[in-house]
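Q: I have a model open and want to learn how to read it. Can we go feature by feature?

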Amino acid sequence: MENVIIIGTGCAGYTSAIYTGRANLRPLVLAGTQPGGQLTTTTEVENFPGFPEGVQGPELMMKMMAQAQKFGARFEYETVTSITKDVDDGGFTVVTDTRTHRAKAVIVATGASPRHLGLPNEQQLIGHGLTSCATCDGAFYRDVPVCVIGGGDSACEEATFLTRFASKVYLIHRRDELRASKIMAERALANPKIEPVWNSTIIEYVTDAAGEMTQVRLQNLLTGEESSLDLKCVFVAIGHVPNTAFLGGLAGLDENGYILHHKGMMTNVDGLFAAGDVADHVWRQAITAAGQGCAAAIEVERYLADVWGE
Ligand SMILES: Cc1cc2nc3c(=O)[nH]c(=O)nc-3n(C[C@H](O)[C@H](O)[C@H](O)COP(=O)(O)OP(=O)(O)OC[C@H]3O[C@@H](n4cnc5c(N)ncnc54)[C@H](O)[C@@H]3O)c2cc1C
């Protein structure tokens with residue numbers, strides 16, 4: 001039986017692997033379909049401490065993986081399909097797309113996938129004028145027009161934040177009023193740089209020859225009328241989907257599907273820990289995910305010592 005299985009290889013999973021590796025636990029890390037996690041989909045990361053010149057997302061993740069391997073973490077490119085707590089010995093059975101593992105403790109670090117509109121060239125545009133993180137990418141769009149899609153608190157917060165950099169922020173929403181809390185909505189709509197575009201959705205992203213965003217085509221959902229807006233970046237703020245389907249109800253989730261912590265980083269199931277964006281709908285940053293991965297690893301060490309005598 002494994003001491004600990006870490007599910008996910010984003011910032012949270014890799015950091016858990018570094019810490020449990022250094023604690024001589026020989027963690028088994030399951031990478032899923034996106035080895036390196038969300039940061040592999042971006043280019044420049046300017047806010048991860050230790051890189052004053054910035055670092056490319058994929059490079060940062062490869063360095064984290066190498067650091068974990070140095071301390072004995074083992075990686076398998078498997079995707080977890082189910083996990084159960086075994087009543088006889090208190091361990092876990094972790095089933096993947098290729099085989100079955102057993103472990104004394106599990107850290108779930110499977111992230112949350114940003115929702116997108118589902119337009120044809122959307123995936124290719126991520127990092128080239130399409131993103132779901134204003135905190136991460138807002139500073140790259142100084143003195144140019146951008147837009148935010150969405151009408152909730154996140155959309156309002158992102159739009160307001162982006163006015164620090166952008167020359168103009170279009171707030172594109174499907175309805176004729178925001179569903180954000182009153183205070184957030186009022187703050188956004190009072191900002192002279194924010195221009196709401198009501199009852200509308202994006203039907204096409206237009207790019208230049210280099211594949212960078214230059215314009216969006218809009219459709220008014222009431223009249224069917226089409227129009228366009230010149231801009232450099234689309235910030236999609238229509239929510240995230242935490243990657244928890246494989247848990248099958250094992251751990252407690254909040255109303256939006258994020259894993260709830262009950263005791264430190266532990267879930268309501270003894271020995272099952274959660275770290276990173278899968279359990280965080282508030283901060284969703286590389287450094288916070290890494291911090292939670294560290295905390296989960298330290299708690300796994302304590303759990304294995306207390307419960308399994310490791
Ligand atoms: C375009 C973009 C740019 C960003 N830029 C920045 C930035 O500049 N600075 C910053 O701090 N943050 C940035 N972020 C946010 C940052 O990427 C996330 O906060 C961080 O990656 C979260 O790490 P995580 O480990 O929780 O999850 P993720 O990075 O989402 O990793 C999840 C991991 O879980 C795996 N997984 C999922 N399901 C399964 C399964 N069933 N079985 C096995 N494995 C599974 C995936 O394969 C993946 O390896 C950006 C995000 C995006 C999308």
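A: Start with a helix pair: α1 crosses α7 with right-handed geometry. A crossing is right-handed if the near helix is turned clockwise from the far one by less than a right angle, and left-handed if anticlockwise. Helices are DSSP runs of H or I with at least four residues, strands are runs of E with at least two, and both are numbered from the N terminus. This is a predicted model, where local features need pLDDT of at least 70, side-chain atom pairs count only at pLDDT 80 or more, and totals for chains, interfaces and linings use all residues. Residues are numbered from 1 along each chain as its sequence is written.

Q: At what angle do α1 and α7 pack, and how far apart are their axes?
A: Axes are lines fitted to C-alpha atoms, for helices over the stretch in contact, and angles run from 0 to 180 degrees between N-to-C directions. Here α1 (residues 11–22) and α7 (residues 286–308) pack at about 35°, with axes 7 Å apart.

Q: Which residues in α1 and α7 meet?
A: Contact means that C-beta atoms, placed from the backbone, lie within 7 Å. From α1, the list includes C11, T15 and Y19; from α7, it includes A286, A289 and V300. The residues of this contact are 11 nonpolar, 6 polar and no charged. Nonpolar covers Ala, Val, Leu, Ile, Met, Phe, Trp, Tyr, Cys and Pro; charged covers Asp, Glu, Lys and Arg; the others, Gly among them, are polar.

Q: What is phi near in N24, and is N24 buried or exposed?
A: Most residues other than glycine have a negative phi. N24 has a positive one, near 65°. N24 sits in the loop between α1 and β2 (28–30). Buried means 20 or more other C-beta atoms within 10 Å of a residue's own, exposed means 12 or fewer, and partly exposed lies in between, with C-beta atoms placed from the backbone. N24 is exposed because it has 11 C-beta neighbours inside 10 Å.

Q: And R284: buried or exposed?
A: R284 is buried, with 20 other C-beta atoms within 10 Å. Its phi is also positive, near 45°. R284 lies in the loop between β19 (272–274) and α7.

Q: Where does the ligand lie?
A: It lies between domain 1 (2–113 + 240–308) and domain 2 (116–236), because both give residues to its shell. Domain bounds come from an automatic or database domain assignment. α1 and α7 each supply at least two shell residues. By class, the shell has 20 nonpolar, 21 polar and 2 charged residues.

Key
Two residues are in contact if their C-beta atoms, placed from the backbone, lie within 7 Å.
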